[in-house]
Amino acid sequence: MLYDLTLAISYSYPVPSVNSRTVMRLTPSSIEGRQVVRSRMIRAEPAPSEKRDTMDFFGNAMTTAVWTEPVEALRLTLTARVERLAPAQELDLSAPLASLPQEISLAQDIGTQSPHHFIAASRRAKPGGAMTEFARDQLRPGMSTLEAVQAIGHALHGIMRFDPDATTVNTPAEEAFDKRHGVCQDFSHIMITCLRGIGIPAGYVSGFLRTRPPPGKPRLEGADAMHAWVRAWAGAEIGWIEFDPTNDRPAGVDHIIVGYGRDYDDVAPVRGALRGFGAQESRQAVDVVPLDDPAAG
Amino acid sequence: MQQRNPNHAEDPRLRAYRPAPGVPDELFDAEGRLRPVWKPFIDQFLGLSPDDIAARFERGDQYLREAGVYFRRYSSDPTQEREWPLSHVPVILGGSEWETICEGLAERADLLDAILADLYGPGRLVADGHLPAELVAGNPQWLRPMVGVEPRGGHYLHYIAFEIGRSPDGSWFVLGDRTQAPSGAGFALENRMATSRVFPEVFSGEHIHRLAGFFRDFRSAIEGLAGRHNGLPRRAGILTPGPANDAYYEHTYIARYLGIPLLEGEDLLVQDGTAMIRTIEGPQPLGVLWRRIDAGFADPLELDPGSQIGTPGLMEAVRLGNLAMVNALGSGILETRAMLAFVPRIAEVLTSKPLKLPNIATWWCGAQAERDYVSENARRMMIGPALAVDLPFDANAATVLGGKFRDNADRPIAEWLDREGPELVGQEAVTLSTTPSWSPTEAGGTLRPRPMTVRVFAARTRHGWSFMPGGYARIGAEADATALGMQRGGMVADVWIVSERPVPQVSLVAPPKVEFRREAQGTLPARAADNLYWLGRYVERCEDAMRLIRAYHLRLAASERRDGPLLVQLESFLDGRGINVDEVVPAVLLDRIAAARGCAAKIRDRFSTDGWLALYDLQKTARGMTETARPGDDAARAMGVLLRKITGFSGLVHENMYRSSGWRFLSAGRALERTDFLASLLSAFTDPEAPYGSLDLAVEVADSVITHQRRYRIETSRDTVVDLLAIDDHNPRAILFQMNELRGLAQALPQARVDGSPAALLRTILPVCTRFEVAAPSDLTLASFEEVRDDLYKISDLLTQTYLR
């Protein structure tokens, strides 16, 4: 599926911000077997005094921009054309959950794709407590890792209520789980915490959802802004699988990947340091239009 | 019973000195013979009378108190400071033994650097099975943004420390590698200063290695790393977390000693990929940071997003190769306890030979065989978190000691190991050597054997690793010579390396063969300037408050009624300044003193220890008075005491401080605050409507009573008072005098003029000076004084905008 993607984020500062520096992880990259980026461009108004593009540890595109002059309002625009590839036919090649620990210990590697980055607690996904218990309750003897991931994702979707007003970007996963509500970020952190708690390496994926559903299909939750879902390591044979707990389905042709990380902190779309006063306001608008979809015409 | 040298055996101060069987001792060898390296010291020490010893120890303690060396734990409350726990008897090691230690540690330091190069580079050690992936990938000290980044200068480690101890067989071993930002070298210097005052005769001998050469080498190594930018040398800096850190004293001390500016995250910004110091003259390029903060805090944008003390963009400067870090960000991973389980094997893999200086035996419980071993030998193990970075004898380092849970939980250790194995390490409960420590007794005192470890410091120089020839020894509080005994706290001691041959003497004060250099002016960080400016203002504000409160209580004591017009007027004037006369030592005064001390604390590297101690003393005295002082005469006397103390501080600072930009900001703060106070005083007390006695009160509070008598020889009148306190350019308590002062200071600041014309700050000051220069007393109305206050507000604002941001 080929998409045209646009994202616009605007900020306004009550007091002009001086010497502001921002690190952005907004742009998708080509990922073998998953997506091909045909073109991408990120623009900032006003134009930054400095701008550098680099790749972070997990292979995400990272852009650093600096404004030395006072900035009162800032507008970031991303446009990209991305081809999302359909996942290969879903044969369950994942390891049996019971033999996953052994597969993990055989993966003696600290490279980008190693499961070892995704086992220990990270700042926003610390396994233990109620979430681990919840995850354990979903397991049945003889399950494969893929089955376990889907069972937990499905169960979470069943008990959690999607509520864009209930949580903020800084709500801890424990609290969102306790209150059974939140947005894609909360759903994802909770699921990651659940999976790590039962020994499945799990990470955070940021990205976009197609905003216009195919004819006759409902619009997916979380399409109005950047989206988030979960990836889990399911053994050496199959590697990483992706699951969207907010929509209770595997991530597929509707999901465009921007960043991989241990949790939100590794892939925060815009992280800024501002030397100024007063609160900042921001607005976000996303459009993900399928080009080869007749309904989009 | 061991044999003793007959000369010493009978001395009562040594009679009780009995090293435990099987425990090596620094003073006596296994046969009970005094080690030759200690002989000159012991001979001299035993020749001292008990009174002599007490007096000498006091001399050392006095030095430490005067130098302001205290123990402090995360608190700004001065009452939380404890006396520095110096064990006055040094640890003495022989020169050739020391060389062997350094040789082993240099080899170890190179190995550690090679391990880092692999962990942040190809990752072969993990891929080849020499290090478990989870100890790296699951380790918060392993910083992913550093992967693939070549550190500027090519090396990760530049300044490290090793905690070492002596085994029962007499050889040395490492208890922990300190690779993040080891502290202690500054304290070692202070221990040396104090101990050399206790034993000047022994110390002045030519055989003891001095410490200064090490620091000189390290300073040039740091400056070498800084490199150049557009043809000019980049600066070096020391990055501190700030006054709340318990080693902050050491940071200020080292910064002063080395002559390298002490910076906080706010002092820096990153421009064009280069780290810059914000100075009063604008940003200046920085090439190297000796960081005393943990790496994660260095950059909130790319490292720990919760950091409040970092600088956004620092990681970028590092990635682009424009900033060297001592040590490289991410070096802290080698402090992880579990690493010690793998370092010995890695040494054999990388260098094909075993380490000369081994480390404490350590087993990572993530592997079955090791876990079983730890489980079976739990009785002689310390078991604790695998990823912890503290030393085996730090408080709470171990969860299980000698086969028992520290929280006394009664559960099977084996089960716990099976469940949480990968998160745990076992370390041998090692035995350390003992060294003499002085214990006072009724009969005067005696030497007793106490366990010790030594922290050894190493710096990378052009000629390889250079070691501080001495160290920072920790001495256990009790006789128990296991590392566990060290957990219960104790003392610290100087370490002397005594050479068989005389050693060349060097000092940082007069380094031989080093070019005389004079630091260029104008590198004052804006934040330091800001703190100096506010220090000047707060101190003056305190002084004003003290004079006002004294005047109030003097009048109260002279049986004036509280509801008399003058006291009512004064009370309302005080009230307008936040001072409640019902409190004898008003809370707002204590707050101002605390604020002054807060500013001073952030720039302790910039003014004298005496000045710092004077402020400390002022604060302590003022706090004490809140309990004791009573209204009236007593309160007036108390304010007199505080006034003498605070003017003592001002005197110390203004008499002794170098006339640098820093001094100018401090003085500008004072001049501005004083002018403002005079203007408000004149406005309130020269009002024709003001009650009788107001004019005398103004003269008194402005500390100009004697001058008034001498100059006018008549009673106060509005004209004489305005003349003296507003337009007399010889009275330091006059508006004109202080405005002229301010003008002079502003003229000497950078960019005071632009293309020959006065810049905004000066342009605002000059007309005020002129106004008061040409005025006659009768020209000056209450409105004129209020106008000055408005002008001062603008001046402060301009000063801040121009230099302090």
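Two residues are taken to be in contact if their C-beta atoms, placed from the backbone, lie within 7 Å. Helices (H or I, at least four residues) and strands (E, at least two) are DSSP runs, numbered from the N terminus. The model described here is predicted, and local features need pLDDT of at least 70, side-chain atom pairs count only at pLDDT 80 or more, and totals for chains, interfaces and linings use all residues. Residues are numbered from 1 along each chain as its sequence is written, while chains are lettered from A and ligands numbered from 1 in the order in which they are written.

In chain A, the secondary structure comes to six helices and 14 strands. The C-alpha trace of this chain spans about 60 × 45 × 40 Å along its principal axes. The radius of gyration, taken over C-alpha atoms, is compared with a globule rule of 2.2 Å times the number of residues to the power 0.38; for 297 residues a compact globule would have a value near 19 Å, and chain A, with 19 Å, agrees. A residue is called buried if 20 or more other C-beta atoms lie within 10 Å of its own, exposed if 12 or fewer, and partly exposed in between, with C-beta atoms placed from the backbone. By this criterion, 45% of the 297 residues of chain A count as buried. Among contacts in chain A between residues at least 6 apart in sequence, 75% join residues at least 24 apart.

Domain bounds come from an automatic or database domain assignment, which for chain A gives domain 1 (2-85 + 268-296) and domain 2 (97-267). The C-alpha centres of domain 1 of chain A and domain 2 of chain A are 24 Å apart, and 26 residues of domain 1 are in contact with 23 residues of domain 2. On the side of domain 1 of chain A that touches domain 2 of chain A, the elements giving two or more residues are β1 (2-24), β5 (71-84) and β14 (281-290) of chain A, of which β14(A) gives the most, with six residues. Ala, Val, Leu, Ile, Met, Phe, Trp, Tyr, Cys and Pro count as nonpolar, Asp, Glu, Lys and Arg as charged, and the others, Gly among them, as polar; the residues on this side of domain 1 of chain A divide into 16 nonpolar, five polar and five charged.

Strands are said to pair if DSSP finds at least two bridges between them. Five strands of chain A form an open sheet with antiparallel pairing, in the order β11-β10-β9-β8-β12, and its edge strands, each pairing on one side only, are β11 (249-250) and β12 (255-261) of chain A. Strand β10 (residues 240-244) of chain A is joined to β11(A) by two bridges, the two running antiparallel, and A:D244 has A:R249 in β11(A) as its bridge partner.

The contact between the chains takes 21 residues from chain B and 18 residues from chain A. Elements that each supply at least two residues of the side of chain B touching chain A are α6 (124-127) and α7 (133-137) of chain B, and α7(B) gives the most, with four residues. By class, this side of chain B has 12 nonpolar, four polar and five charged residues.

For chain B, the domain assignment gives domain 1 (212-326), domain 2 (361-428), domain 3 (526-657) and domain 4 (658-805). The centres of domain 2 of chain B and domain 4 of chain B, taken over C-alpha atoms, are separated by 69 Å. B:L323 is found in the loop between α12 (314-319) and β13 (324-326) of chain B, and B:L323 counts as buried because 29 C-beta neighbours lie inside 10 Å. Apart from neighbours within four places in sequence, the residues in contact with B:L323 include B:R152, B:A275 and B:L286.

Strand β15 (residues 381-385) of chain B has four of its five residues buried, so this strand is largely enclosed by the rest of the structure. Five bridges connect β15(B) with strand β18 (residues 424-428) of chain B in an antiparallel arrangement, in which B:G384 stands opposite B:V425. Strand β16 (residues 400-401) of chain B is likewise antiparallel to β15(B), through two bridges, and B:M382 stands opposite B:L401 in β16(B).

Residues of helix α18 (residues 587-601) of chain B that are buried include B:L589, B:I593 and B:A600, and the buried residues of α18(B) pack against α16 (526-557) and α19 (609-628) of chain B.
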